[in-house]
Amino acid sequence: MLLTGADIIAEVLIEQGVDTVFGYPGGSVLNIYDALYQYSDKITHYMSAHEQGAAHAADGYARLTGKTGVVISTSGPGATNLVTGIATAYMDSVPLVAITGNVPTSLIGRDSFQEVYIAGITMPITKHNFTVRSVEELADTLRAAFKIAAEGRPGPVLIDVPKDVTINKAEFENKPVEVINAEDKRLKHLEKVADLINASRFPVVYFGGGVRISGAEEELYELLHKAQIPATYTMMAAGVLGYGDELNMGLVGMHGSRTANLAVDNADLVLAIGTRFSDRVALNPNKFARRARIVHIDIDPSEIGKNVPADTSIIGDVKKVLFSLLPMVQKAEHTEWIEQINQWKEKDYKPKDNDEVLKPHQIMSAICDLAGEDAVFVTDVGQHQMWAAQYIRHIKTRSFLTSGGLGTMGYGYGAALGAAVADGGKRPIIHITGDGSFHMNMNEACTAVSYNLPVITVIMNNSVLGMVRQWQKTFYGKRYSSSEPERKTNYKAVAEGFGLTGFKCHNLAEFKDALGKALELKAPVWIECVIDREEAVLPMIPAGGSVDDMIIN
Amino acid sequence: MDKHYLSVLVANHAGVLARISSLFCQRGFNIDSLTVSATDNPEISRITIVTTGDEASFRQLRKQTEKLIETKALFPLNLRTSLLRELLLIKLRSNPAVKEKIAEVAKKYNASIIDVSVGCMVLELTGEPERVDDFLAGLDGLEIVEMCRTGVTAMERGEVTYLLGV
């Protein structure tokens, strides 16, 4: 059938199984939005306050479901407003398709109104991007975008569609969706890795977001328990291994547990699985796992040896690799090693409770108690993010959504709304933020209200940019440059101004009361938690340091 | 620090060169020269890259380039089994005193004099990069008005051994 480009976009979205898109209308995408109007029975569009919020929402939607998120924006500023969201998704390997309108092809390159070369701008922050030059190539380009976004190591793909391409007509026929299977190539070095595991006395598994993306949670569990290997994880893998698991040593790296960092430091074998030795984990690449042989398992060949050299590597889908590796790994006890680790665990940093004032760890604990095991946690970036990573009792995979690689302040609200849309009101969605991050994108409150998305926002308000200030306190002689803005924001009043409910709490009892009420409301709520500005994220290994440099108080 | 030679076959799309140079810039790879050439297949261009760096950074460069969707094949060029060529155009200041010297140098290196104007001459030389280097070193006091080198383009001897990926 002969369809306009805009209709073709809608048809391909449906063909690809997309029923939810996020975005913001504008001049260059008027035809696309007209098609979305016609197709509104099959595709639901969620409009944000700002395109960045829409990009984060599509990202949050994708992280929660594993499906590819879709975001649409107009040309020029609409497109540039997506950039932070796309870069966030790129750094954390989130499958995302961004569709941007552009000025008609006849006006491209003339500095036309709302024209920007978004394909050029997003080249380094997308897996790939396309400029569609004729309506005939539109359908297949969209299909290619979905395939690229989801296959292998996922990531964002941008498609720039000039306005005339959305009006022009072309023949369209549905095509079956290409099933993406992990490449069926022979895995190399399996036996060698199994031998290394079987011979090791002090093994450690250090795993990352790749385990979650690949859906290898069970295989990982089997491996750890069969060979009794203690494990530590990056923030991107929170929830992949249950909080209560006796082999779980907690987070690794800058704000990781002392036990995890000591274990990596003393191990004779480190199995790095679906992870990339970032500078927040391998703070000093020359000292990281210095006594260990390193085995690196990842789907992306360019990660092998990028930051820390590996002794052996297996390139492949983590789930397939672990599945093939499991029968070759012998049962083991590692009694002495586990005992050592348990001794270290006893000395791990434990903050003190206080019922008079709000303590970050108690807030997290109360959230877990009240929101229950089903809750989804979404964070912004800064101290609150680290506290959430450290003190939330992570038990479910894909339930901790956070900007790890890019560290995007302002990520949280949009992502939480995307998660709430995906979830459809079944699980509590808790958005944990700080007063710094929240001021970046709190405008998305209007979106929460428009669609009555029951996101509970917990604002950890210490009145300062806590993480910046903590570094200034520790490394810059307490010179608090631009980190103490002395804002007077009345969150309860602002919440009410947006048409949602707000609470303010000063102690744990008040917080529990407010959170309990918020959970019953099934509506968007803000809860401000007043905390002391001297609260620090501990332990901490300074950038470039090793476990020897760990700051405990 | 070694010189490395890399051949990359890419989809002949608008923007592919920008994508590759953006990648190199982003990741801080040093490029000595980069040439883009048409091939017998109109859908494929060949990019020949010369880079200086240690083995680890060359490996990263290769892997990152391989990840680009538009990269169809990629292989390092072994100097013993490859043919490397570069084209040089050089404009030299000429006057009756040095005219003969220029002709001599041109003859010695098999360069052609392709233009003679008032006050200067243009020479053309095609050859292995080392030969171009030698030629430039052998100018011995002759004044260079301007010059340009194309950078290396290369192919392997014998049968084609690479496969074009999808």
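Guide: Two residues are in contact here if their C-beta atoms, placed from the backbone, lie within 7 Å. The model is predicted, and that criterion is applied to it throughout this account. In chain B, seven residues of domain 1 are in contact with five residues of domain 2.

The domain assignment divides chain B into domain 1, residues 2-76, and domain 2, residues 83-153. Taken over C-alpha atoms, the centres of domain 1 and domain 2 of chain B are separated by 29 Å. On the side of domain 1 of chain B that touches domain 2 of chain B, the elements giving two or more residues are strand 2 (31-38) and strand 3 (44-53) of chain B. Strand 2 of chain B provides the largest share of that side, with four residues. By class, the residues on this side of domain 1 of chain B divide into three nonpolar, four polar and no charged.

Chain B contains four helices and nine strands, and from the N terminus its elements follow the order β-α-β-β-α-β-β-α-β-β-α-β-β. The C-alpha trace of chain B spans about 60 × 35 × 30 Å along its principal axes. Of the 166 residues in chain B, 21% are buried. Among contacts in chain B between residues at least 6 apart in sequence, 74% join residues at least 24 apart. As to confidence, chain B has an average pLDDT of 93, and 99% of the residues score at least 70. The model as a whole scores ipTM 0.90 and pTM 0.96.

Chain B also meets chain A. Twelve residues of chain B are in contact with ten residues of chain A. Helix 1 (16-27) and helix 2 (55-67) of chain B each supply at least two residues of the side of chain B that touches chain A. Helix 2 of chain B contributes the largest share of that side, six residues. The side of chain B that touches chain A comprises three nonpolar, five polar and four charged residues.

For chain A, the domain assignment gives domain 1 (2-171), domain 2 (190-346) and domain 3 (360-530). The C-alpha centres of domain 1 and domain 3 of chain A lie 29 Å apart. Their contact takes 25 residues from domain 1 of chain A and 27 residues from domain 3 of chain A. Strand 2 (20-23), helix 3 (51-65) and helix 5 (83-91) of chain A each supply at least two residues of the side of domain 1 that touches domain 3. Helix 3 of chain A gives the most to that side, with twelve residues. The classes on that side of domain 1 of chain A are ten nonpolar, twelve polar and three charged residues.

Chain A also has an open sheet of six strands, in the order 16-15-17-18-20-19, with parallel pairing. Strand 16 (400-401) and strand 19 (501-505) of chain A stand at the edges with a single partner strand each, so one side of each is left without a neighbour in the sheet. Within the sheet, strand 15 (residues 376-379) and strand 17 (residues 429-434) of chain A pair in the parallel sense over four bridges, and T379(A) stands opposite I432(A) in strand 17 of chain A. Helix 15 (residues 360-371) of chain A lies across strand 17, strand 18 (455-461) and strand 20 (525-530) of chain A, and runs at about 165° to strand 18. Helix 16 (residues 383-391) of chain A lies across strand 15, strand 17 and strand 18 of chain A, at about 135° to strand 17.

The buried residues of helix 12 of chain A are R258(A), T259(A), A260(A), N261(A), L262(A), A263(A) and V264(A). Their cover includes strand 9 (203-207), strand 10 (231-233), strand 11 (248-251), strand 12 (269-273) and helix 14 (335-346) of chain A.

Conventions:
Residues numbered from 1 in each chain as written. Chains lettered and ligands numbered in written order. Predicted model: local features only at pLDDT ≥ 70, side-chain atom pairs only at ≥ 80, totals over all residues. Buried ≥ 20, exposed ≤ 12 C-beta atoms within 10 Å, placed from the backbone. Nonpolar A, V, L, I, M, F, W, Y, C, P; charged D, E, K, R; others polar. pLDDT = per-residue confidence, 0-100. Pairing = 2+ DSSP bridges. Axes fitted to C-alpha atoms, helices over the stretch in contact; angles between N-to-C directions. Domains from an automatic or database assignment.
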